[in-house]
Amino acid sequence: MDIVNNQASDKPIDFSAFILSLSTTALLQLGVIENPYTKKREKDVAMAKGTIDVLGLIKEKTKGNLTKEEDALLEGILAELRMTYYKMNAEQGAKTNEES
């Protein structure tokens with residue numbers, strides 16, 4: 001089902017599209033990209049961490065079962081999301097220390 005257009009999709013989702021969907025969700029949760037409905041950047045870092053952890057779990061549980069391309073995609077996305085998450089935490093920690 002294509003939720004955006006409210007139509008059934010003829011093409012089933014593949015692994016790469018699923019991973020990209022989770023990645024987009026994490027980027028939304030980190031406030032990196034704008035929420036398409038509210039047109040605002042909204043942060044929910046705890047939810048983002050959960051989504052990133054799910055991607056890590058998928059990587060762990062699918063080890064040895066992915067194509068080279070799928071593995072590279074998942075590895076790259078995880079590296080980018082983890083780096084973004086840790087930078088945000090470091091920045092937030094620095095702001096908290098400055099306020100103290």
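**Exercise 1. Which residues is Glu70 in contact with, leaving aside its neighbours within four places in sequence?**

Before we start, a word on the ground rules. This is a predicted model, so local features need pLDDT of at least 70 and side-chain atom pairs count only at pLDDT 80 or more, while totals for chains, interfaces and linings use all residues. Residues are numbered from 1 along each chain as its sequence is written, and side-chain values use heavy atoms, with hydrogens and water left out.

*Step 1.* Find Glu70 in helix α3, which covers residues 68–99. Helices here are DSSP runs of H or I with at least four residues, strands are runs of E with at least two, and both are numbered from the N terminus.

*Step 2.* Look for contacts, meaning heavy atoms within 4.5 Å. With the neighbours within four places set aside, Glu70 is in contact with Phe15 and Ser16.

*Step 3.* Check one more residue of the chain, Ile19. Glu70 and Ile19 are 51 residues apart in sequence, and their C-alpha atoms are 9.0 Å apart in space.

**Exercise 2. Find the salt bridges and say which ones share partners.**

*Step 1.* The count is 3 salt bridges.

*Step 2.* Take Asp53 and Lys49, whose side chains meet in a salt bridge at 2.9 Å, N to O. Both lie in helix α2, 4 residues apart, which is about one turn of the helix. Asp53 is partly exposed at 42% relative accessible area, and Lys49 is partly exposed at 36%.

*Step 3.* Go on to Lys59, which forms a salt bridge with Asp71, the closest N and O atoms being 2.9 Å apart. This pair links distant parts of the chain, with Lys59 in helix α2 and Asp71 in helix α3, 12 residues apart. Asp71 is partly exposed, with a relative accessible area of 34%.

*Step 4.* Glu75 also meets Lys59 in a salt bridge, at 3.1 Å, N to O. Here too distant parts of the chain are linked: Glu75 is in helix α3 and Lys59 in helix α2, 16 residues apart. Glu75 is partly exposed at 40% relative accessible area.

**Exercise 3. Describe how helices α1 and α2 pack.**

*Step 1.* Get the geometry. Helix α1 (residues 15–30) and helix α2 (residues 45–61) pack at an angle of about 160 degrees, with their axes 7 Å apart. Axes are lines fitted to C-alpha atoms, for helices over the stretch in contact, and angles run from 0 to 180 degrees between N-to-C directions.

*Step 2.* Classify the angle: under 35 degrees is roughly parallel, over 145 roughly antiparallel, 65 to 115 roughly perpendicular, and the rest oblique. So α1 and α2 are roughly antiparallel to each other.

*Step 3.* List some of the residues that meet. The α1 side includes Phe15, Phe18 and Leu22, and the α2 side includes Val45, Thr51 and Leu55.

*Step 4.* Zoom in on Thr51, in helix α2. Thr51 is buried, with a relative accessible area of 10%. Not counting residues up to four places away in sequence, Thr51 touches Leu22, Thr25, Ala26 and Gln29.

**Exercise 4. Sum up the fold.**

*Step 1.* Count the elements: 3 helices and 0 strands, following the pattern α-α-α along the sequence.

*Step 2.* Check burial: of the 100 residues, 24% count as buried.

*Step 3.* Check the contact range: among contacts with a separation of 6 or more, residues 24 or more positions apart account for 50%.

Methods. Buried < 20%, exposed > 50% of the residue type's maximum accessible area, 1.4 Å probe, protein only. Salt bridge = Lys/Arg side-chain N within 4 Å of Asp/Glu carboxyl O.
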